[in-house]
Amino acid sequence: LCFSHGFDAEEDLVGKLASMSTNERIKAIQKMPETMRKKREIRNKVLKEITKKSRHRGAQCTQGAAVSFRRFGNTLSEYFQQLQPWHKTLKIIGAEFGTSVLSYFVFLKWLLNLNIFSFLINFGFITIPQFLAAEPNNLSFTGLELFTGAGYFQQTVLYYGFYTNATISKVENGPSYNMQLAYIFTVGIYFVISFLILLFSMARLFSRNFVNSQTFSVNASKLLSTWDFNITNEKAVKLQQKNLLIQIKEGLTEVNKEVRNFSVKERVGHIAAHLLAWVVSLATAVAACAGVYFLSINNLELFMKGYSNDLQRQTAMLVLPVIVSLLNTLIPFFFSWLGHLEKFQTPGQHIYVTIIRNIILKISIVGILCYYWLNIVATSESQCWETLVGQDIYRLVLVDFIFCLLGSFFGEFLRRIIGTTVCMSLGLPEFDIGRNVLDLIYAQTLTWIGILFSPLLPGIQMIAFLIVFFVKKVSLMRNCQPPRKVWRTAQMTTSFIFLLFCPSFLGVLCVIGVTVWRLKPSEECGPFRGLPSMYASVDEWMQILESYTVSKWVVWIYRNLISSELFFFILSTVVL
């Protein structure tokens, strides 16, 4: 006990000395009635205690600094996310309307990013070099060009025909820029990158939503392990709570969905209704395609025919895109009405059937237009048929964008007015996912086709998609109600990307392939003027490279891989 008491007293003494200043501590140790040896031991213990306290204090300071830095990083990350124009919007849409409506806006954002990427590539490698060799535009700007794409725009970098076929060099005997190779390689590499992006997106979404779907299923982990503790803002917390609640409801609806048992008579009635709806929808699509075909046959005459004034000529140019956009806008409303009459068991079945019918309609119309461009316009007596095709696609994209905005007004705003004032039983409309998604796929298909004939078209589509995003968001919030039946749509985004890939992207590759390899370019315009085909520029370049020993390996790859049908057959087999 005496030893313990003495040890505690010595510890207290060391603690008191450690808390003193250096001068006070030295004086206190000197005044102690102890031997020099004992005083040294006490001094050493005091120094160890001071070192231990300083380390502990330093660790506390470091830990506090790390926590403060982490909080600052989380706050900064939250502010950066809020700077994105769609980040908060997507959270609100997911919380208010569920993942089914959210999937449309996620898909729209994905397409917007794809067009930004396309625009930057084309502008950087094709348009900027052309500015260095551009000749002044002597045409006057009247304002009608914004709607028709003709007139003043015809002599600008917007269209294929304005680009030079010369090698650009601003310094004599300096580095040069081959516009032919830049044009074809930029477009080709962009399509290769887009192909890989689509494949990667489909594989990632397919793996997440089909192969490993159990990992993302609704269970206890959804409730206990998905909360983001970095959220500190009160509004963000409430939004996260609502979003989590919607996801749990959707999951429970999927788990507890009932399989209704119909009698034989009811089943026969449902099958007959579905067959009749399909016959009517296919007949409507065939009639629409026939109308577009006969109208497109006479469309070239509208370009060549002389008019008494420029206003008549400009108006005549808009006939084909207006009719096509009218068909693409009105017929999907009819398909949606047919779907409601069929009375599907789940909203998912209704949406997928509507999407399939719309894709048949829109891709068939695009196919008719491509036949018209490649077989009628390309063989016409026009001085620059590529520019005519580019103008046609420009008008189609612009008019389709206008009709998309009008669709939000008439299909959602007026429908809300009617449902809340005239016919109360209708109520608020629901957001038509199938129709709106196919509008996006149709617009992106036109953009892909038009890249070869109008390199800046992705920039126009980028602006259009950005406006559509916010217009659809406002229309959704003010005019639409959440889906009456809550349901989970984990596989819907995967389906959207797949439809964008096939038939849209693969069909565009066929059109671009025929244009580059088979069709003869115009003799008086464009970077490939005077060549038997656009691809002939690559053959000429390879003949030049054969004379250089350093470039032999490039020529070998071109001859044995790129020009080999067997290589592409094996590659397509592996990919598909």
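**Reading helix pairs in a predicted model**

Modeller: Let's start with a result: helix 4 and helix 16 are roughly antiparallel to each other. "Roughly antiparallel" is the label for angles over 145 degrees; under 35 is roughly parallel, 65 to 115 roughly perpendicular, and the rest oblique. This is a predicted model, so local features need pLDDT of at least 70 and side-chain atom pairs pLDDT 80 or more, while totals for chains, interfaces and linings use all residues. Residues are numbered from 1 along each chain as its sequence is written, and side-chain values use heavy atoms, without hydrogens or water.

Biologist: At what angle do helix 4 and helix 16 pack, and how far apart are their axes?

Modeller: Two packed helices are described by the angle between their axes and the distance between those axes. Here helix 4 (residues 87–133) and helix 16 pack at about 170°, with axes 8 Å apart. Axes are lines fitted to C-alpha atoms, for helices over the stretch in contact, and angles run from 0 to 180 degrees between N-to-C directions. Helices are DSSP runs of H or I, at least four residues, and strands are runs of E, at least two, numbered from the N terminus.

Biologist: How do the contact residues of helix 4 with helix 16 divide by class?

Modeller: They divide into 20 nonpolar, 6 polar and 2 charged. Nonpolar covers Ala, Val, Leu, Ile, Met, Phe, Trp, Tyr, Cys and Pro; charged is Asp, Glu, Lys and Arg; the others, Gly among them, are polar.

Biologist: What angle do the axes of helix 12 and helix 13 make?

Modeller: Helix 12 (residues 319–342) and helix 13 (residues 347–377) cross at roughly 160°, and their axes come within 9 Å. That makes helix 12 roughly antiparallel to helix 13. Their contact (heavy atoms within 4.5 Å) includes Leu-320, Phe-335 and Glu-342 of helix 12, and Arg-357, Leu-361 and Tyr-372 of helix 13. By class, this contact has 11 nonpolar, 7 polar and 3 charged residues.

Biologist: Which peptide bond is cis?

Modeller: The one from Cys-502 to Pro-503, with omega near 15°. Pro-503 lies in helix 17 (residues 492–517).
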